[in-house]
Amino acid sequence: MRNLINILDLTTEEIEELIAVANDIIANPAKYSEKCRGKKLATLFFEPSTRTRLSFESAMYELGGNVIGFSAAQNSSAAKGESVADTAKTISCYADIIAMRHPKEGAPLVAAMNSTIPVINAGDGGHNHPTQTLTDLLTINREKGRFNNLTVGLCGDLKFGRTVHSLITALSRYSGIKFVLISPEELKLPSYVKKDILQKNNIEYVQTTSLEEYMPELDILYMTRVQRERFFNEEDYLRLKDSYILTMDKLATAKSDLTIMHPLPRVNEISVDIDNDPRACYFKQVLYGKFIRMALILKLLEVE
Ligand code: NCD
């Protein structure tokens with residue numbers, strides 16, 4: 001039985017297979033509409049979500065399956081003090097596969113160790129978010145057609161942004177990758193990601209506080225929200241929240257085929273007048289997220 005806790009749980013070949021299946025689902029959706037008939041997905045969300053939870057649920061419905069679950073910790077027995085381990089044992093009696101989001105780093109791993117059905121990490125604290133990364137990789141595949149030889153700017157909250165940690169981890173397995181890490185001093189990429197991923201794999205990177213400095217070099221610009229819920233005090237959040245706002249004039253020196261991405265939700269980081277620019281891909285990411293999750297569910301349920 002397979003789980004997806006960290007993006008490295010999948011080989012690059014498996015990721016390519018998932019992307020191929022997702023592209024086939026986009027081209028031939030009817031072929032897949034009965035594949036999960038009689039199967040149940042449980043979405044266990046102990047933290048807010050719009051896209052991740054609803055794309056998982058849409059994915060399961062479009063495969064002909066059913067969905068159970070909860071969308072807030074206070075609606076579950078966690079509010080009475082139940083452990084993640086006991087919740088996982090319980091849900092194993094009801095469903096065929098679990099997608100879990102939790103504010104504590106490592107909670108989905110604990111669930112996987114106590115579950116008899118596959119567990120997917122749908123975001124654990126400020127740690128990882130592998131299915132957002134699959135979404136991002138499908139987007140990069142469709143926009144750029146390659147994962148090699150890309151200069152990728154990541155901007156915003158690189159400290160707490162779990163989507164950033166998982167995306168850097170995934171792209172570090174390809175060649176010719178260069179990262180431009182754009183953040184305020186206080187929100188720099190954690191040293192464990194730099195050491196265990198970037199330095200270990202000899203990946204080229206620069207750190208800067210300027211959004212404009214490397215703009216002309218970027219193939220991809222991945223904007224992120226300052227993660228308010230991970231801050232110890234509101235004052236720091238208020239001081240840092242508008243550190244970077246991407247506006248049309250800041251794009252003046254950008255490549256004409258720059259791919260602008262954002263995992264969403266957007267707060268202020270991207271001016272809404274960029275939404276209609278052909279380089280804006282964040283709403284395409286939303287759509288692709290459903291298709292890659294369909295492919296992932298099929299793989300983990302071992303459906304042919
Ligand atoms: C992200 C998350 O939950 O980490 N959202 C998402 O799943 N698309 C990013 C964020 O909340 O800022």
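1. Between domain 1 and domain 2 of this predicted model, the count of salt bridges is two, a salt bridge being a side-chain nitrogen of Lys or Arg within 4 Å of a carboxyl oxygen of Asp or Glu.

2. The domain assignment, which is automatic or from a database, gives domain 1 as 7–128 + 288–300 and domain 2 as 130–285. To the contact between them, domain 1 brings 31 residues and domain 2 brings 29 residues, with contact meaning heavy atoms within 4.5 Å.

3. About 2600 Å² is buried between domain 1 and domain 2, and carbon and sulfur atoms give 59% of this area; buried area is the accessible area (1.4 Å probe) that two parts lose on being put together, summed over both. In domain 1, the residues losing the most area to domain 2 are I7, R51 and Y288, which together make up 29% of what that side buries.

4. Residues are numbered from 1 along each chain as its sequence is written. Local features need pLDDT of at least 70, side-chain atom pairs count only at pLDDT 80 or more, and totals for chains, interfaces and linings use all residues, while side-chain values use heavy atoms, with hydrogens and water left out.
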